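Here is a short note for someone opening this structure for the first time. Please read the points with the model on screen.

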Amino acid sequence: MAAPTPTHDATTLISLDGVGVAFRGGQLTLRPKPPFWVLKDVTFDLRQGETLGVIGRNAAGKSTLLRLLAGIIAHDRGNIINHGHSTALLSLQTGFVPHLSGRQNAILSGILLGLRRREVEARMDAIIEFSELGDFIDEPLSNYSSGMRSRLGFSVAYQVEPDILLIDETLSVGDEEFQAKSSRAMHERIRSDKTIVLVSHSAATITALCDRAVWIDNGISREVGNVDDVTAAYRAELAQRDTSAPTGAPRRIIRSKTEGVST
Amino acid sequence: MTPKVSDIEPRSRRGGWLDPRMIDLVLYKTYADLRAEAAKTYINYLWWIVDPILSMLVFYIVFGLLLGRGGDGFVAFLLTGLVFWSWYNQTLSHAGNTILGAGGLMNQVHVPKLVFPIVTILTDFTKFCVVLAVLLVFLWLSGYAINTAYLALPVLIGIQLMLCTALSILLAGVVPYLPDLKLVVNNLIHLQFFLSGIFFAPSDIPEQYHTWFYANPMATLIESYRDILLHGAWPHAGRLMAIAFVCLVVLAAAVALIQRLDKRYPRLAQ
């Protein structure tokens, strides 16, 4: 509370100030574990129309930050101010059920992602066309190949247009050909004037697509600002760690597997 | 306009639950769950009727034939109790897992957690309606005519729906924090089954225990159903109103609990 709040000019959509998220080992237990702070101190503003990159190594807290911005979980300390904008995590195949047809799954998934039922139905032609499923749309999902499922998943998710779109770069989308098509579509949307938060551990991706960036390290926002400055600092630190402390890596990788993946 | 998926104001009372998108979600997910469940088996929707008939047959064989409790009207008496009991039993045995089981989904999108127990309550209610229709046909064919007391039947079903909803939402909200509760509840329901007068009439137990017997809402409800369906008599309004009142209080508390913990559940179930 005592910390100075970031200034809010008219174009700020969301501001985070000293935000932390703790995991408390979940269920009630006879001997509670001490909380584990996945995010410790994150401060940045998200501005209208920008593509903000979130960069950091595995298990730095990037996925947790996305879930926090998406309103899935709540923070435990600090302040978040959302000036009334809808946010959504781009998530593929959300709520898919094997025994229903592709069409039914598309409707269910679309509603879950934030559309009204009639909106999904109105966009069904676009979904079928983009996914290239044709008549297969009325087959049960259990007859789909994994490539077909991811094509349908992406085509539905692409129809959802929240004020702020949250993207985790690790999303995998089907076969190579469709991968090219979907990332083209995604890049188009990223380059448009939509407000987007893009998470990646690749400095190259962030530099190519984003205007500004936040570097999250060990739950703390180390740098915020111009994309080139932030990625340069991130790269410098990575290079330094590679030479000085290679032993720190294995434990982090193990934890990142249990932390929940965003696909 | 773009629908609002969520905002991230902490502890805000968004009333996201009455959002028309949530009504879409509840209805479509109920429909989808029913379709998906039926699609898993060969005879699909027929199971909704065959399954309860088979389980009723078990009771008929044991109590009607083996123990010789048969006699006039015992089958109708037994079936009436069982149909309403198994609705209650099914709903409650599914309830504990509804939020806990949705872990994957909750971590992908923000969904008001009340959606999950309500969908399960509605799917179980739908299946119950089918069984109820079969029971009514059976009763009419067996000579139990429709009477004016039938007017109270929807009220009675409404009260039982409130009872199921209140307890289900409470269980759905507490079990993620206290999974052990599910095992305790299973045994309590088992006990309640024997105390609800399904295969015996309240007149079979000593008078001094009646107060306790009727404190069990299912005992009161089952007796009321039998009054209407088998005897053409009006049910005991006072007891029913008391049940409805308690259910409303529990329901309000359970809803408040789940709303309050809305953003905690995704962390418990991932």
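A crossing of two helices is called left-handed if the near helix is turned anticlockwise from the far one by less than a right angle, and right-handed if it is turned clockwise. Keep that in mind for the helix pairs below. One caution: this is a predicted model.

1. **Domains of chain A.** Chain A is divided into two parts in a domain assignment: domain 1 covers 13-24 + 35-87 + 163-242, and domain 2 covers 91-159. The C-alpha centres of domain 1 of chain A and domain 2 of chain A are 27 Å apart.

2. **Helices 4 and 5 of chain A.** Start with the handedness. Helix 4 of chain A passes helix 5 of chain A in a right-handed crossing. Helix 4 spans residues 124-131 of chain A and helix 5 spans residues 146-158 of chain A; their axes lie 9 Å apart and the packing angle is about 140°.

3. Helix 4 of chain A brings A:I127, A:F130 and A:S131. Facing them in helix 5 of chain A are A:R151, A:L152, A:S155, A:V156 and A:Y158. By class, the contact of helix 4 of chain A with helix 5 of chain A has five nonpolar residues, two polar and one charged.

4. **Overall build of chain B.** How many helices and strands does chain B have? The count is twelve helices and zero strands. Its pattern along the sequence is α-α-α-α-α-α-α-α-α-α-α-α. The radius of gyration of chain B is 20 Å, close to the 18 Å that the globule rule gives for 270 residues, so chain B is as compact as a globular protein of that length. Taken along the principal axes, the C-alpha atoms of chain B fill a box of roughly 65 × 45 × 35 Å.

5. **Helices 3 and 10 of chain B.** Helix 3 (residues 74-95) of chain B and helix 10 (residues 217-231) of chain B have axes that come within 10 Å and cross at roughly 135°. That makes helix 3 of chain B oblique to helix 10 of chain B. The crossing of helix 3 of chain B past helix 10 of chain B is right-handed. On the helix 3 side of chain B, the contact is made by B:A76, B:F77, B:T80, B:G81, B:F84, B:W85 and B:Y88. Helix 10 of chain B supplies B:M218, B:L221, B:I222, B:Y225, B:R226, B:L229 and B:L230. This contact of helix 3 with helix 10 of chain B has eleven nonpolar, two polar and one charged residues.

6. **Helices 2 and 6 of chain B.** The axes of helix 2 (residues 47-66) of chain B and helix 6 (residues 115-141) of chain B come within 9 Å, crossing at roughly 65°. That makes helix 2 of chain B roughly perpendicular to helix 6 of chain B. Helix 2 of chain B, too, passes helix 6 of chain B in a right-handed crossing. B:W48, B:I49 and B:P52 of helix 2 of chain B make the contact with B:K127, B:V130, B:V131 and B:V134 of helix 6 of chain B. By class, the contact of helix 2 with helix 6 of chain B has six nonpolar, no polar and one charged residues.

7. **Where the chains meet.** 40 residues of chain A are in contact with 35 residues of chain B. On the chain A side, the elements giving two or more residues are helix 1 (62-69), strand 4 (77-82), strand 5 (87-89) and helix 2 (102-112) of chain A. Which element of chain A gives the most? Helix 2 of chain A does, with five residues. The side of chain A that touches chain B has 20 nonpolar, 15 polar and five charged residues.

Definitions and conventions. Residues are numbered from 1 along each chain as its sequence is written. Chains are lettered from A and ligands numbered from 1 in the order in which they are written. This is a predicted model: local features need pLDDT of at least 70, side-chain atom pairs count only at pLDDT 80 or more; totals for chains, interfaces and linings use all residues. Axes are lines fitted to C-alpha atoms, for helices over the stretch in contact, and angles run from 0 to 180 degrees between N-to-C directions. Helices (H or I, at least four residues) and strands (E, at least two) are DSSP runs, numbered from the N terminus. Angles under 35 degrees count as roughly parallel, over 145 as roughly antiparallel, 65 to 115 as roughly perpendicular and the rest as oblique. Two residues are in contact if their C-beta atoms, placed from the backbone, lie within 7 Å. Ala, Val, Leu, Ile, Met, Phe, Trp, Tyr, Cys and Pro count as nonpolar, Asp, Glu, Lys and Arg as charged, and the others, Gly among them, as polar. Domain bounds come from an automatic or database domain assignment. The radius of gyration is taken over C-alpha atoms; the globule rule is 2.2 Å times the number of residues to the power 0.38.
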